[in-house]
Amino acid sequence: MSASTPRDGIHAFMQTLENVCANLTPHKDFLREERLFQLNQILANMRRSLAAEDEASRLLRIGIVGSVKAGKSTFLNALLFNGQHILPKAATPMTASLTRLRYAQEQCAKLVFYSPQDWQNIESDADTADKIIATKLSEVRSRQASRPGTTFNEERARKSIIHELPPELAACRELRETAENERLDIYSELEKGEQLIPFSDLSEIQAKLSEYIGSRGRLTPLVRHVELNLNHEMLRDIEIIDTPGLNDPVVSRSRETINFLCQCDCVMILSSAGEFLSKQDMDLIKHKLVNDGILHHIIIASKMDLAIQDHRGQKTFFKDAFMATRQNVVDAMKDRFDTQEPVLVSALLEGIAWKMEQQHPLSEEEKLTRDNLASFTNAPCEAKDFRVIAGLKKVRQELELCREKKDQIKYAHQIDLIRGKNSELRDCLKHLETAAQGDKETLGSVDLETLQTGINALTQSVKKIDADINVHFSTAELQMNQEFERLKLRIIGLIDNYRELSVSSKSRDVDRSTTSGMWFWKKTHTHIVSVTEHMAETSDIIHTLRSYTRSVHSEILTAYSHFAPLDTLRSQLKKRVLDAFQEADVTFSKETILVPLQISLDKLQITPPLYEPQAEIDEIINQFGASTKNEDIARLKVALENALDSISKKIRLTLDEQQIRFIRTLHQQNDAFVGDISQSVQSSLDKLATQYTDKQSNIARYDETITLLRGLRTELSHQEV
């Protein structure tokens, strides 16, 4: 793709993409619908990118991304405000919206709403989602009607169908539903356009914006994003985007983050040092960022303070604990990347340093962190030491490099964006070509009568395995219930490793006096008594609770990664369906059955739950403060037992809920598995059957479609960037 500038290249590629869609439109009857949807998503993302890149003098955009609880807002407070709590933390309303931070002399917040046209598109996609739900629900009802004696839970079936919607459609449906629940006059609100909210002091931000971007804000569903214009030198020439978590339970917020990434020139990826580079982090780095042309990224190991505390009791010296934590992070990087070095950061320690310099009181969390670290020999104790360990200096240096290389980074992103989308588009066209080739071969290899016979044979063959499928699902249900119960017992058993309370004892000599006699014969006798004082630190309890929680998470992750009954079920289902395909002795391409089979198997997924023991920690802090002495230690021991039991019960309750949901999923899939595959195969073959009315002409159309797809892929592969 020869173009004078990358921006010209983006315009040229956008035109290429529009031409691809225009060329394929006449051939849509010969293309798979799910791949066409993917193609439209690529087109929509490129349009957003094009609109963003059209700002000729735009700022360098730096995205802050990561999972919920990675500490993004706390990190930004440390980076921009030396740890002051200016931007709210993740649990507060600000994270309900994507937030863009820019420099301005006059401080204000700009609320950017969806346009009326945007909302019409949202409603259209929500309507599409509702139609899919209604159609699939009708199909499930029909299948159930043909199976007398079985019960049908419509609400359960509806929830299952909603869960399987494409994320973009699910997000639109969710937005519309939220707006309707607020009983908003939507278009009247949207016609007001952007709104400016001035503020003189940064502490006013949250209160002024809660109605618009709060997690329970009345107008939150209508706000696309918020722009905070701050008088802060670090923001000159750049724009920093604080995103909702990628694993945000609110689908629309997660999708807004994903869709906005392609407009960023570089990103800072935050991953907690204690659980560094999760599968979701790696999926983001390896796939999404590459496709969006974001090859300039900085990987940050956040919450280093917590990871260092994990080495208490194992390491004596602070330096050893720090280096062990650093090595764990570096090893995780080496396993996944060749050369890139992570940046180690503790936003909390940056805040401690700032407060110490300003002689401000520390929060309870900061006091406990400081005291925990003080248990190491040669631990940091001065503000300058905490700043060094906090690691924000390195991040600021990286930020300055980004500012200095602004034009080069923007230039590289524009080129990489085209390359990434070019590759994604070619993959999509390849899948369309493979599917079209399989359909053409089926259409050309059999006559209509043979096709109808084959459809009937395949349908009957698949239906015959229904009983076997029921047995496999029933066996898996029994075994999965047993696995869950064993897992919950292991979680209870882990508590025994964390019941011990660390108590220090210190003896000292005390002068004791006794008096005897009366009046003039009164005498005072002095003697030395050894007094032992016992003390337990609350910070040790907090470390114990966090360690137990991490051990439980590790146990759950291990169990979920190796749920043998689930792996066995997938293997058995695949084998049985392919056996049925072979027994039907049809001439169809195996892709006819493999695609719907894989879609059904993909539904058998289970995501590990996470739990943060903050409620238990807060309760112990409120009861006992920083330390406990003598007779109160017995109460602290009971409190530790209660906190461990509380964490265990809450996690087991979450597992109970997941177990119920997953077993419900097994029931739904058991009810629908054969029917879904049969319906999908039937739909594909019915489409071919309609094409028999003009078989030779349609084979020629398939040839044209395949030639077109092949030509488009070749053209894209030869384009120069």
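Helices here are DSSP runs of H or I, at least four residues long, numbered from the N terminus. I keep that in mind while reading this predicted model.

**Entry 1: the whole chain.** I started with the overall make-up. The protein chain has 25 helices and 12 strands. I then checked burial: 49% of its 721 residues are buried. Next came the surface. The chain exposes about 34,800 Å², and carbon and sulfur atoms supply 49% of that area. I also looked at contacts with a separation of 6 or more. Residues 24 or more positions apart account for 82% of them.

**Entry 2: aspartate 439.** I looked up where this residue sits. Aspartate 439 lies in helix H17, which spans residues 406–445. Is aspartate 439 buried or exposed? Its relative accessible area is 8%, and the cut-off for buried is under 20%, so aspartate 439 counts as buried. I then listed what it touches. Leaving out residues up to four places away in sequence, aspartate 439 contacts Arg32, Leu688 and Tyr702.

**Entry 3: strand E1.** I moved on to residues 60–66, which form strand E1. Of its 7 residues, 7 are buried, so E1 is largely enclosed by the rest of the structure. I checked each face. On one side Leu60, Ile62, Ile64 and Gly66 are buried. On the other, Arg61, Gly63 and Val65 are buried too.

**Entry 4: partners of E1.** Which strands does E1 join through bridges? I found E6, residues 238–242, running parallel to E1 with 5 bridges. I also found E7, residues 266–272, again parallel and with 5 bridges. I followed isoleucine 64 into each partner. In E6 it stands opposite aspartate 242. In E7 its bridge partner is methionine 268.

Terms used
Residues are numbered from 1 along each chain as its sequence is written. This is a predicted model: local features need pLDDT of at least 70, side-chain atom pairs count only at pLDDT 80 or more; totals for chains, interfaces and linings use all residues. Side-chain values use heavy atoms; hydrogens and water are left out. Buried means under 20% relative accessible area, exposed over 50%, partly exposed in between (1.4 Å probe, protein chains only). Helices (H or I, at least four residues) and strands (E, at least two) are DSSP runs, numbered from the N terminus. Two strands pair if DSSP finds at least two bridges between them. Contact means heavy atoms within 4.5 Å. Accessible areas come from the Shrake-Rupley method with a 1.4 Å probe; for residues, only the protein chains shown count as cover.
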